[in-house]
Amino acid sequence: MIESNVRNVAPRCWWRVCLLQLIVACSVIDAAAAQEVDPGARDASAAAPPADEKTGSDKSGLATLVEVRLPLGSGGEAPLKQTITRARDRLIAEARQRGDGRRPILVLEFVPAGGAEGAGSQFETVLSLARFLESREMSDVKTVAWIPRTIRGHGVLAAIACEEIVMAADAELGEASADEPADQAVSRTVVEAYREIADAKRTIPVALAVGMIDPAVEVVQIESEDGVRFLLRDEVEAFRADNEVITERVLVPAGSVARFTGREGRQYGFVKYLGAEKPDVAKALSTPVESLEVNQSLLADWDPVMLTVRGEITPGQVSQLSTLLNDNIASGANWIGIRVDSVGGDLDACITLANQLAELDPNAVRTVAYVPVEAKGGAAIVALACDQLVMAPDAFIGIGPHLAEVGGDDNRNLPPQPRRRRGFKPQRDEQDPVALRAAVASAEISLQSSLAAKTNRSWSLLAAMIDPKVELFEYRQKETGEVRWMSPEEAGQLRDAANWTQGAALHAGNQPLALRGTEALESGIAFQTVDSFDQLERLYGLDQVAFVEPNWAMKLVHALASPTLATFLLMLGLVGMYIELKTPGVGVGGVVATLAFLLFFWSKSLEGTATSLEIVMFVGGIVLMLIEIFVVPGVGVFGLTGGLMVIFSLVLASQTFTFPRSGAEMDEMRRSMSIVVGAGIGVIGLAIAMRRFLPKAPIFNRLVLEPPPPEERITLSHREALADYSHLIGVTGEAMTDLRPGGRALVGGQLIDVIAEGVPLDRGANVVVVEAHANRVLVRAVT
């Protein structure tokens with residue numbers, strides 16, 4: 001064949017023909033060698049691609065793997081697109097963090113189901129996925145189709161939409177028409193779609209792609225002076241008119257569809273590497289084999305919710321956010337956005353929230369901090385505790401204004417802080433530098449021992465958000481090229497400290513840390529910058545993000561737990577107890593007291609300050625006080641112990657600790673005690689007022705008996721002093737009032753004051769006098 005073509009060529013170009021024959025012969029020898037290579041031993045060029053052209057580095061590239069399970073049914077491309085988008089975003093973020101200029105690699109593993117070799121996919125579904133893969137959205141990553149097993153049907157279209165193809169040597173790719181009706185010609189629309197994708201990506205020759213879907217065409221392999229070409233039969237004559245054909249061979253005859261093995265694909269140039277197992281693919285792509293493990297966090301559809309951290313961060317606000325967070329995760333949310341616009345607040349509360357966010361399983365829940373304006377101090381720690389940080393380009397993250405001078409004398413030259421926004425409430429310790437420094441030191445211990453281990457951040461980066469004395473430098477690992485922002489102290493604590501090289505500082509040593517969004521992105525601290533919330537939604541492919549706010553019940557709890565209303569509830573409860581003790585029976589006072597104390601402990605429990613210990617202590621104190629009043633009056637031990645237990649329970653229910661260990665805790669304890677003391681003073685005042693005015697009120701005079709006039713009290717006192725009721729011992733009578741324990745009874749025809757022995761007695765009970773000393777008459781129930 002070759003010799004006959006040589007004789008037909010004009011003598012003036014014989015030397016070019018000879019040269020082309022030599023080239024073709026060499027290529028045939030290479031192809032034959034490639035076909036005879038043991039599947040376990042890979043081509044050297046396939047297994048070891050050249051080093052990165054820009055950097056010349058031979059370090060491992062970034063890659064991740066997403067499974068494409070075939071066949072793809074109707075709508076099956078939507079969740080797959082979201083998964084691919086998440087994988088792309090993660091790869092880009094990691095590449096920026098590493099400072100790797102190479103495009104990361106997104107490997108799509110085509111996994112055929114059952115014995116149908118992936119056949120059965122719907123054309124429109126696969127076309128949508130293919131167009132997505134060849135779109136500009138995916139230009140930041142290199143897409144690689146990995147085909148370890150034979151696939152046929154329209155799933156082929158998605159494979160040829162990738163930039164490179166890796167196949168097992170014996171696996172086959174083709175016969176896309178298997179998903180078309182066997183008794184009908186393939187639609188021109190379907191054929192043109194294959195032509196469109198192949199022409200856009202240039203991964204596979206257009207003629208080979210069309211030959212895989214349309215059995216009516218004939219694919220020809222032509223060798224010319226310009227090389228080897230693959231053409232359709234109706235394109236050959238036009239090609240001959242402008243080119244000198246050396247050889248011509250029918251590759252796919254009409255009436256059949258193309259189907260190529262991995263070896264043939266490598267021979268024809270559309271298969272880049274051969275690989276049947278993940279280690280083979282990882283070696284060919286120069287990436288760690290671990291990166292080709294499926295990341296479960298990329299599989300589920302996002303169910304997003306957005307929480308807001310605004311203003312001063314307080315324990316009460318953190319308690320509300322914690323409740324909202326747990327409730328939404330329990331409801332199935334797997335994308336938690338935290339919109340942070342705050343300059344900090346209570347450090348302990350901030351670290352508590354940060355720990356809760358960091359403890360969430362990243363394979364089940366993605367947490368994203370969105371900073372449109374600023375996140376400073378403790379708020380910055382909350383933002384950095386999330387899986388990813390997204391900022392507006394001009395937003396700030398760094399140390400809070402009330403923490404900039406915590407370093408004391410070491411920070412005399414710090415520049416003035418920007419003016420605080422109206423409405424900002426400084427941290428309670430701000431006016432006490434010593435207490436503030438102690439609080440920062442305590443917070444740094446928590447960051448180093450707990451929070452940093454749960455995040456991908458260094459503890460010194462977190463500490464720099466609250467301590468201006470922490471200086472951050474870029475450290476690079478000599479062997480792996482990993483980059484971290486750390487303080488010299490943290491770098492010295494690393495096991496392989498000698499392998500880390502210190503670079504430039506993140507901020508000047510005489511200035512507090514404050515990074516714009518663009519600076520945070522360049523340094524790898526931020527994942528991405530967005531100009532608006534809509535852009536954030538597009539970044540993650542989110543639809544209908546639910547903004548979660550505290551409901552009326554949570555707002556009510558927060559209001560009831562405030563110092564003012566907490567004091568009012570205590571006053572109301574104590575006053576109710578006083579009224580109940582002064583009136584017969586269980587009436588309005590007891591109901592009011594019960595409701596007031598229930599609301600107090602309910603609100604404090606939901607706020608996170610009251611636990612079962614405080615509730616048990618309060619109830620036990622009340623029981624001891626009742627024993628003192630009704631069972632063993634006059635002893636004093638029960639009453640004193642019960643009163644102290646009630647006071648301690650009320651104080652502890654308003655704070656998160658037992659004994660104060662810092663200035664902030666001392667302030668909180670003083671506030672808790674002021675609530676109890678204020679309520680006690682209010683009760684005393686109300687008791688005096690009620691004793692004086694309530695008996696004369698038109699309605700309330702039925703609740704409290706009005707004392708007799710002064711002259712009548714003198715007469716009664718004289719009578720009681722001369723009274724002798726010893727003759728009534730053993731006489732039975734009837735209680736005319738409830739005996740709690742004191743009251744009145746009709747005994748022997750006389751209405752006298754009596755005291756019930758033992759348990760209180762109700763009105764109408766039959767009683768008997770068991771003891772009488774002057775005017776003190778002791779009765780008990782008639783058994």
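Modeller: Before we start, a polar contact here is a pair of N or O atoms within 3.5 Å; within protein, one must be able to donate a hydrogen and the other to accept it, and residues adjacent in sequence count only if both atoms are side-chain atoms. This is a predicted model, in which local features need pLDDT of at least 70 and side-chain atom pairs pLDDT 80 or more, while totals for chains, interfaces and linings use all residues. Residues are numbered from 1 along each chain as its sequence is written, and side-chain values use heavy atoms, without hydrogens and water.

Colleague: Which side-chain oxygen sits at the start of H13?

Modeller: One from Asp-346, within 3.1 Å of the backbone nitrogen of Asp-348. Helices (H or I, at least four residues) and strands (E, at least two) are DSSP runs, numbered from the N terminus.

Colleague: How many residues of H13 are buried?

Modeller: 10 of its 12, so the helix is mostly covered; buried means under 20% relative accessible area with a 1.4 Å probe, protein chains only. Among them are Leu-347, Cys-350, Asn-355 and Gln-356.

Colleague: What span should H13 have?

Modeller: 16 Å for residues 347–358 at 1.5 Å a residue, and the end C-alpha atoms are 16 Å apart, which agrees. The expected span is 1.5 Å times one less than the number of residues.

Colleague: Changing topic, which residues have the most contacts inside the largest nonpolar core?

Modeller: Ile-84, Phe-110 and Leu-173, in a core of 67 residues. A core is a set of buried Ala, Val, Leu, Ile, Met, Phe, Trp, Tyr and Cys residues joined through side-chain atoms within 4.5 Å. A second, separate core has 62 residues, including Ile-381 and Val-548.

Colleague: And what is Ile-84 in contact with?

Modeller: Beyond its neighbours within four places in sequence, its partners include Val-66, Leu-106, Phe-132 and Met-138, with contact meaning heavy atoms within 4.5 Å.

Colleague: Is strand E3 largely enclosed or exposed, and why?

Modeller: Enclosed by the rest of the structure, because five of the six residues in 142–147 are buried. E3 pairs in the parallel sense with E2 (residues 105–112) over five bridges, and Val-107 stands opposite Val-144. Four bridges join E3 to E5 (residues 164–167), also parallel, with Ile-147 opposite Met-167. Pairing needs at least two DSSP bridges.

Colleague: What order do the strands have in the open sheet of three?

Modeller: E15-E17-E21, with mixed pairing. E15 (374–376) and E21 (514–516) each have a single partner strand, so one side of each is left without a neighbour in the sheet.

Colleague: How do E17 and E21 pair?

Modeller: Antiparallel, over three bridges, and Ile-397 is opposite Leu-515.

How values were computed:
Buried means under 20% relative accessible area, exposed over 50%, partly exposed in between (1.4 Å probe, protein chains only).
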